[in-house]
Amino acid sequence: MSPVDHADLSDFRSTLAGPVLTADNADYDEVRALWNGMVDKRPALIVRCHDRADVVAALAFAQTHKLEIAVRGAGHNIAGNASCDAGMMIDLSTMDAVEVDLAANMARVQPGVTLGQLDAATQAHGLAVPVGINSTTGIAGLTLGGGFGWLCRRYGMTVDALRGAEVITVDGEILYASEQDNAELFWALRGGGGNFGIVTRFDFELYPLGPEVMAGLMVFPLEQAESVLTQYRDWILKTPVEFNTWVVMRHAPPLPFLDESVHGTKVAVLAVCHTGEQAEGEALVKQLRGFGQPVGEHIGMMPFVDWQQAFDPLLAPGARNYWKTHNFTAMEDGLIQAAVKEANGLAGPECEVFFACIAGVANRVSADAMAWNARDARFVMNVHARWQEASDDDACINWARSVFASTRPFASGGAYVNFMTDEEGARVQDAYANNFDKLVAVKRQYDPDNRLHLNQNIRPD
Ligand SMILES: Cc1cc2nc3c(=O)[nH]c(=O)nc-3n(C[C@H](O)[C@H](O)[C@H](O)COP(=O)(O)OP(=O)(O)OC[C@H]3O[C@@H](n4cnc5c(N)ncnc54)[C@H](O)[C@@H]3O)c2cc1C
């Protein structure tokens, strides 16, 4: 039952370019579904905005009818804040245009764009924005929380590439935020999440890339993981920033290049991406091979846009997911031992512990330059518990919490808000550390009543 009068809703619909869905619309269930299958919320209204005037109208309507607001980009966030029960979902997923302006060396990106759409548009010109590693993730949530992927070592965080953003405040004012205009708002948007307004356009600097890169996987049995990781941790920091390697400990998927006897066994996978000269990449991969006795390898030149989709099959929407995260300045012996021990007890065939290396350009920016502050972090761990049946909830969630607890003594400050669940609100202040007070001040200025609170919330009080 909608909390909104039928006549009011009909008037509202007539003012919009996009549709408003209620539970009786055929596509309601498809649109309200989020990436994390554990989240099952039922908004009273879903406003599928087609332009910024729709966003302004949606905010005003929600205010008049006292509806809670959830803002949805591509719906990937683990916490499930892109939807709500009984309130209004402002769905931006159909605002998905990308304009590549070669003269200005800038990509102008609407908030419903996925990483795959952005990569396709920029790589057509041999250019890229440094974003995440899964093509169906949304640019909006990713950017507002920080954003890192294969290019982070060379080109920095996604927020480092942000040059400006068009923002609609909760009062419906359309602002442009950049280092020149509304500078404090811009500072807060670069990592402070969806707390300050609704972004209707992101303007990114573009960087040369590929379009071919050297990428792929090298697979070691989990028995070799401690030795491989101990060699990897210092070595990776000495490699050129064009080179990146992340480590994933999990059960081996049935990948065609792996012998069938390896499928389903516990492995440490090194995922490689090199964006420099091919010969340099080959030499580095040769060193990596020497860290143990790999049971399989598939590394070669490929289009960057293909590599950006390589993990999509393992990350399809709809599964049940629970994540835990820490940052690390170094991978100490104790951390490696704890992580490998936990990987030996993986809670299910789709669960994994991964370490992303973000060391490089991002470490050269000062911690107070913008809201995203973990400038000392060289590695980010994501404990990714993933499973299909609700009956496995306890086992998988408890396993993730155990990995989180046993690796905590080695963690540095901060935490990546984009990997935090809905139960980690108390961690938000720690996540932003010395930048927190300034974020509260900006929140007070732009959203004093905390209407945008379905996020990793920075409360105005
Ligand atoms: C499979 C998978 C892979 C991932 N890989 C990476 C990775 O490689 N690197 C990385 O850094 N992160 C990664 N992430 C995390 C990702 O950055 C976050 O989940 C991010 O929030 C996703 O953005 P979205 O737009 O899809 O999310 P949504 O769930 O749609 O939005 C998340 C939140 O952002 C806010 N929001 C969204 N759009 C707007 C807007 N236009 N204006 C204001 N607020 C808004 C809202 O508060 C919303 O609740 C991954 C996540 C998944 C599920």
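Modeller: A helix here is a DSSP run of H or I with at least four residues, and helices are numbered from the N terminus. The model under discussion is predicted.

Colleague: Is Leu288 buried or exposed?

Modeller: Leu288 is in contact with Met218, Phe220, Trp235, Thr245, Leu270 and Val272, leaving out residues up to four places away in sequence. The cut-off for burial is a relative accessible area under 20%. Leu288 has a relative accessible area of 0%, so the residue is buried.

Colleague: How far is Leu288 from Ala58 in space, C-alpha to C-alpha?

Modeller: The two residues are 230 apart in sequence. Between their C-alpha atoms, the separation of Leu288 and Ala58 is 53 Å.

Colleague: What radius of gyration does the chain have, beside the value for a compact globule?

Modeller: The C-alpha atoms occupy a box of roughly 70 × 55 × 40 Å along the principal axes. For 461 residues, a compact globule would come near 23 Å. The chain agrees with that value, because its radius of gyration is 22 Å.

Colleague: What percentage of contacts between residues at least 6 apart join residues at least 24 apart?

Modeller: Burial gives some background, with 58% of the 461 residues buried. Of the contacts between residues at least 6 apart in sequence, the share that joins residues at least 24 apart is 73%.

Colleague: How far apart are the mean positions of the positive and negative charges?

Modeller: The accessible surface is about 17600 Å², and carbon and sulfur atoms account for 49% of that area. The chain carries 35 positive and 58 negative charges. The separation between the mean positions of these two sets is 4 Å.

Colleague: How far apart are the end C-alpha atoms of residues 39-209?

Modeller: An unreviewed UniProt entry places the feature "domain: FAD-binding PCMH-type" at this span. In the model the span is 26% helix and 26% strand.

Colleague: Is Val113 buried or exposed?

Modeller: Val113 sits in the loop that joins strand S6 (106-109) to helix H4 (115-123). Beyond four places in sequence, its contacts include Met95, Ala97, Leu118 and Ile139. Ala97 is 16 residues away in sequence, with a C-alpha separation of 6.7 Å. The relative accessibility of Val113 is 0%, so the residue counts as buried.

Colleague: Which residues does Leu16 touch, neighbours within four places in sequence aside?

Modeller: Leu16 belongs to the loop between helix H1 (6-15) and strand S1 (20-21). With a relative accessible area of 11%, Leu16 is buried. Val55 lies 39 residues away in sequence and 9.1 Å away, C-alpha to C-alpha. With those neighbours set aside, the contacts of Leu16 are Val47, Asp54 and Ala57.

Colleague: Is Asp393 buried or exposed?

Modeller: Asp393 is part of helix H13, which covers residues 393-407. Residues up to four places away excluded, Asp393 touches Met38, Arg320 and Trp387. Its relative accessible area is 14%, and the cut-off is 20%. Asp393 is therefore buried.

Colleague: What is the relative accessible area of Glu389?

Modeller: Glu389 is in the loop between strand S18 (379-387) and H13. Leu21 is 368 residues away in sequence, and the C-alpha atoms of the two are 29 Å apart. Glu389 is classed as partly exposed because its relative accessible area is 48%.

Colleague: What is the value of phi at Asn182?

Modeller: Most residues other than glycine have a negative phi. Asn182 lies in the loop between strand S9 (174-178) and helix H8 (183-189), and is partly exposed at 30% relative accessible area. Its phi is positive, near 45°.

Colleague: Where is Ala433, a residue with phi near 45°?

Modeller: This positive phi also belongs to a residue other than glycine. Ala433 is partly exposed, with a relative accessible area of 39%. Its place is the loop between helix H14 (428-432) and helix H15 (436-446).

Colleague: Is the peptide bond from Gly210 to Pro211 cis or trans?

Modeller: Most peptide bonds are trans. Pro211 is located in the loop between strand S11 (207-208) and strand S12 (212-221). With omega near 10°, the bond from Gly210 to Pro211 is cis.

Conventions:
Residues are numbered from 1 along each chain as its sequence is written. This is a predicted model: local features need pLDDT of at least 70, side-chain atom pairs count only at pLDDT 80 or more; totals for chains, interfaces and linings use all residues. Side-chain values use heavy atoms; hydrogens and water are left out. UniProt positions are given in the numbering used here, feature names are shortened, and annotations may be inferred rather than shown by experiment. Helices (H or I, at least four residues) and strands (E, at least two) are DSSP runs, numbered from the N terminus. The radius of gyration is taken over C-alpha atoms; the globule rule is 2.2 Å times the number of residues to the power 0.38. Buried means under 20% relative accessible area, exposed over 50%, partly exposed in between (1.4 Å probe, protein chains only). Contact means heavy atoms within 4.5 Å. Accessible areas come from the Shrake-Rupley method with a 1.4 Å probe; for residues, only the protein chains shown count as cover. Lys and Arg count as positive and Asp and Glu as negative; His and the chain ends are not counted. The place of a charge is taken as NZ of Lys, CZ of Arg, CG of Asp or CD of Glu.
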